[in-house]
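The report below walks through selected features of the structure shown here, moving from a helix and its surroundings to sheets and then to contacts between side chains.

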Amino acid sequence: MRIAVCPLPAALLLSALLSALASVAWTPLRGEEETPQPLAPTEAARTMRVPDGFQVKLFAGEPDVVQPIGFCVDDRGRLWVAEAWNYPHRDRPPRDRIVILEDADGDGQFDRRQVFYDQLNYVAGIEVGFGGAWVMSPPYFYFIPDRDGDDRPDAPPQVLLDGFGDHANAHNMANGFAWGPDGWLYATHGRTNWSLPAKPGTPLDQRVQFDGGVWRYHPQRHVWEPFADGTTNPWGIDFDDYGQGFVCNCVNPHLFHVIQGAHYEPWRNRKSSQYAYQRIDTIADHLHYLGGSNVRAGLGSDEESDLGGGHAHCGTLVYLGDNFPAQYRNTVLMNNIHGHRINNDRLRRHGSGYIASHAPDLMRAADPWYMGVTLQTGPDGGVFASDWSDTGECHSIKNTQVGTGRIYKITYGRPAPAMVDVARLGDLELVELQRHANDWYVRHARRVLQERAAAGRPMHDVHLALHAMLSDETEVPRQLRALWALHVTGGLEPAALDELLNHGSEYLRAWAIRLLTENGPPPAATLERFQQLAANDSSAFVRLHLASALQRIPAADRWPIAASLAARSEDQGDMNLPLMIWYGIEPLVDEDLERFVRLAATARIPLVGRHVARRAASHTSQRAAALKALLGVLRDTADDPARTGAVLAGVLEGLEGLRRVEMPESWPATYQRLSGGERPGREEDQEAAEVAELALQLALVFDDPRAFDLLRQRATQADVPPDTRQRAIQALITQRDPRLAELLVQLVGDPPVRQAALRGLAEFDHPRTVETILTAYPQLDANARQDALQTLAARPAWAHALLDAINSGQVPRNDLTAFTVRQLHSLGDARLSGRIAQVWGDVRATSQERARLIRGYQQQLAPETLAQADLQAGRAIYQRTCANCHKLFGEGGQIGPEITGSQRTNLQYLLENIVDPSAAVAKDYQIEILATSAGRVITGLVVSEDDTIVTVQTQNEKLLIPVHEIEARRQSPLSLMPDGLLQNLSARELRDLFGYLVSQRPVAPP
């Protein structure tokens, strides 16, 4: 690792001076505070650490470039930069702009600058091509024409689409672009600001909601379509040598392989992903922060930094240039926002997809203001990196400096200047560029050929040359380049693609499948060939593309391909195939229910069978017919416990939350056969015993009296394993067993099942609940006490008794948490709320009071104070107040995001989020308050819902509530994370908690 040193020409010295003057003159917006200045642009470049042989130059800095939220490189190697002057304020006059920066002499630093357009508002992404600029500026997607290439718009921006979300927060929205190898313009989209994109004037009922992920737009056909669903806030997409897309994610996990039709986490109760059930995981085998599998005792801050710097990432670039050393090709570069660096992940094929492993960082900035956004390769193979240049959280809601911004250039050795204008080359010269080692030339040449074909230029000679390249080249990436260029210029006939289904390369076969389903359903002969490949092709990668293609094949034609894919037992452990097959199968439930259920019997991938059973069992309008068919599958698969167990589990998931379902006529005989495998104590019959356990749970849903008797026995038997007893209790709670309440009262005194009993009592208005809990309270551990408090806070009468106990000292006042206080307020009892204020104080302070609190805590938690913190005590406080929702160092709940990789060392960032958690809360994290027919009031986050069940995550449990039992429901503007978390902590407790929160490694429990 070395520090990059570059000479500073006079133009950039002048630029730095003007930047300093601009910073002095800058006035912060109301409510924002000035912060220390960043390093000067040239000094920031000079102090960046890069591997030996690399160097960093300042390409441009403020005031020549400001707020660079995105940029692209045109056919002449010039940078088109989108400057977000208004961010994060949408209500200001348009002043966002696009500037063009040119390095005319090839020295790696700009020397010409042109403002292209300056009347945008809230710009978020840019790409150029087809005679103009493609601009994302939510709610609009624009095309700004410049067909004569004079760097001035020919006409006002044309609104291609409107309806892109701009309602939820400042940053989680539609953003960056990239031209795909197939000629589409691809873009990424955050999860919070869902969109309803369509052509202007399209009625609301004709728009389709897009919930975030990856989408694409065809520049010739002007068609918009979703490509993949999910992730949190992807910002930037790029493609490897084989045309596979990748996105990084601005919150962990950090990297995904983008598969057409896939669903990725998080779900967040979106209809678009309701029946996905499970979503495809990250391809990264590591974290870029200390947490999860990276947790290990004794890890120091330097070692932690080597992990990557944090969980917020932005600006995906798959390096395909010819300047960096060979080991960088087909690796992923991404900005790590909290770590002030550029991470590097190595890709390797695994099964149907990829695994990404951590490689040494490409660059680490000494400037703590470095906040990288976009990465792009240039014509000389060097990499441009834009720097938003600010402090604070990854979304920069405060945006303390609107006058900063930089673009750096990272190169290896001494690359030759690349003075080029691809658009001026002849057609066959563009074909020849498909062999270039730097994919920058390949991509630009392909797009220019596409533009010329779209304009009507004859392509006969181009197609002959490309077909020759496809047949004669021996390197697969070059064959693929020829294929893609033929496709975008209209030079591929279906017969040629059909022939490629026999190609020796799995990549060529896969792309043939994808292109054959690009423009409508393939003919019957092609579909028959697909079925043969599904049954016989040796490549999981090819099978993945067949599974993806299912969603673009008419439902009636999917059955044989889907059945063949689901029968490939070797794919049951694949990272993508079981779910991708399921995503393609799911819509068939409405095509032919019985045939759909039979897929569960023939599938040799248990997950497919499980999801088929779940979807069929949840089909409210045909549930009786579905259950009858599913019981037939269970009888047919009874000799295969793994498959039977998967189907049973799916049926239970499909019926989850329902109190009673009418027992099918064939159930008694089916239950007799399934339960015969239960032989406690015989390990060799473990699978059969698990089937019997699942059958018992299903019997309970069918109101089978044998099941109630057996589960009541299990719940009380001390010699039964605790987890089995707890499951029995939970199953009886779900079914609202009328004899259970009295049993739960007794079980509060039984430590192995005490917490399950305490939580369950909230469901029943039993007269002895309060007395039982308060009597047992002194003997409860910390976790059980929180369950006890939440139960007592579920009903007004119990809540008053709880406050009486606090006032008398029977329940220590310090045991009361902000979560319980908010639940008490949710009961809507005015007298109760008045009593809470006496015990706890006001829950929701004014904005001025919160600002005062933050300043006071900052003074109280000075570095010398935190240095004295008892980290073990801090961990205990964290467990009590935070761990139910958040993971830290790999431990804790998953209701909220893991905080290990966040900016925990930034005290102001921590305090702003803890003291005022509802300052900027997305709707997905706003709580709801529900009153049930059982007399209980529930406060929590609705994580999923359908026509029959609402699933609510509370502070201590997940509840499934039948819709017909909800008497009242309202949404609060408040975050799931309550106000007042620090309100009743002593100075010592406050010191210890924050000492633990900012610590660099885990500590042993006290």
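## A helix and its cover

The model is a predicted one, and local features are described where pLDDT is at least 70. Helix H7 itself spans residues 476-488, a run of 13 residues, and reaches 18 Å from its first C-alpha to its last, which is close to the 18 Å expected at 1.5 Å a residue. Because 11 of its 13 residues are buried, H7 is largely enclosed by the rest of the structure. Just after H7, glycine 490 takes a positive phi of about 75°.

Threonine 772 lies in helix H24, which covers residues 769-776. This threonine 772 counts as buried because its relative accessibility is 13%, which falls under the 20% cut-off for burial. When its neighbours within four places in sequence are left aside, threonine 772 is in contact with Val745 and Val748.

Strands of a sheet pair through backbone hydrogen bonds, either parallel or antiparallel. Within it, strand S9 (residues 132-137) and strand S10 (residues 140-145) pair in the antiparallel sense over 6 bridges, and alanine 133 has isoleucine 144 in S10 as its bridge partner.

Another open sheet has 3 strands, ordered S16-S17-S18 and paired antiparallel. Here strand S16 (234-239) and strand S18 (255-258) are at the edges with a single partner strand each, so one side of each is left without a neighbour in the sheet. The twist in this sheet averages 25° from one strand to the next. S16 is joined to strand S17 (residues 245-249) by 4 bridges, the two running antiparallel, and isoleucine 237 stands opposite valine 247 in S17.

Strand S12 (residues 174-179) is mostly covered, with 6 of its 6 residues buried. It is joined to strand S13 (residues 185-189) by 4 bridges in an antiparallel arrangement, and alanine 174 has histidine 189 in S13 as its bridge partner. S12 and S13 form a hairpin with 5 residues between them, and in the turn glycine 183 has a positive phi of about 90°.

## Aromatic rings and charges

A search of the whole structure finds 38 aromatic pairs. In one of them, the rings of phenylalanine 141 and tyrosine 217 have centres 5.2 Å apart and planes at 85°, so the pair is edge-to-face. Since phenylalanine 141 lies in strand S10 and tyrosine 217 in strand S14 (residues 213-217), the pair ties together parts that are 76 residues apart in sequence. Both phenylalanine 141 and tyrosine 217 are buried.

Another edge-to-face pair is formed by tryptophan 667 and phenylalanine 702. This pair links distant parts of the chain, with tryptophan 667 in helix H18 (residues 667-675) and phenylalanine 702 in the loop between helix H19 (686-701) and helix H20 (705-716), 35 residues apart. Tryptophan 667 counts as buried at 0% relative accessibility, and phenylalanine 702 is buried with a relative accessible area of 3%.

| Aromatic pair | Centre to centre | Angle between planes |
|---|---|---|
| Phenylalanine 141 and tyrosine 217 | 5.2 Å | 85° |
| Tryptophan 667 and phenylalanine 702 | 5.1 Å | 70° |

Phe141 and Tyr217 also belong to a cluster linked by ring pairs, which includes Phe130, Trp134, Phe143, Trp179 and Trp215.

Charged side chains sit over rings as well. Arginine 90 lies over the face of tyrosine 122, at 4.3 Å from the ring centre, while the charged end of arginine 615 sits over the ring of tyrosine 275, 3.7 Å from its centre.

Definitions and conventions
Residues are numbered from 1 along each chain as its sequence is written. This is a predicted model: local features need pLDDT of at least 70, side-chain atom pairs count only at pLDDT 80 or more; totals for chains, interfaces and linings use all residues. Side-chain values use heavy atoms; hydrogens and water are left out. Two strands pair if DSSP finds at least two bridges between them. Axes are lines fitted to C-alpha atoms, for helices over the stretch in contact, and angles run from 0 to 180 degrees between N-to-C directions. The expected span of a helix is 1.5 Å times one less than its number of residues. Buried means under 20% relative accessible area, exposed over 50%, partly exposed in between (1.4 Å probe, protein chains only). Contact means heavy atoms within 4.5 Å. Rings of Phe, Tyr and Trp (its six-membered ring) pair if their centres lie within 6.5 Å; planes under 30 degrees apart count as stacked, over 60 as edge-to-face and the rest as tilted. A charge sits over a ring if NZ of Lys or CZ of Arg is within 6 Å of the ring centre and within 35 degrees of the ring normal.
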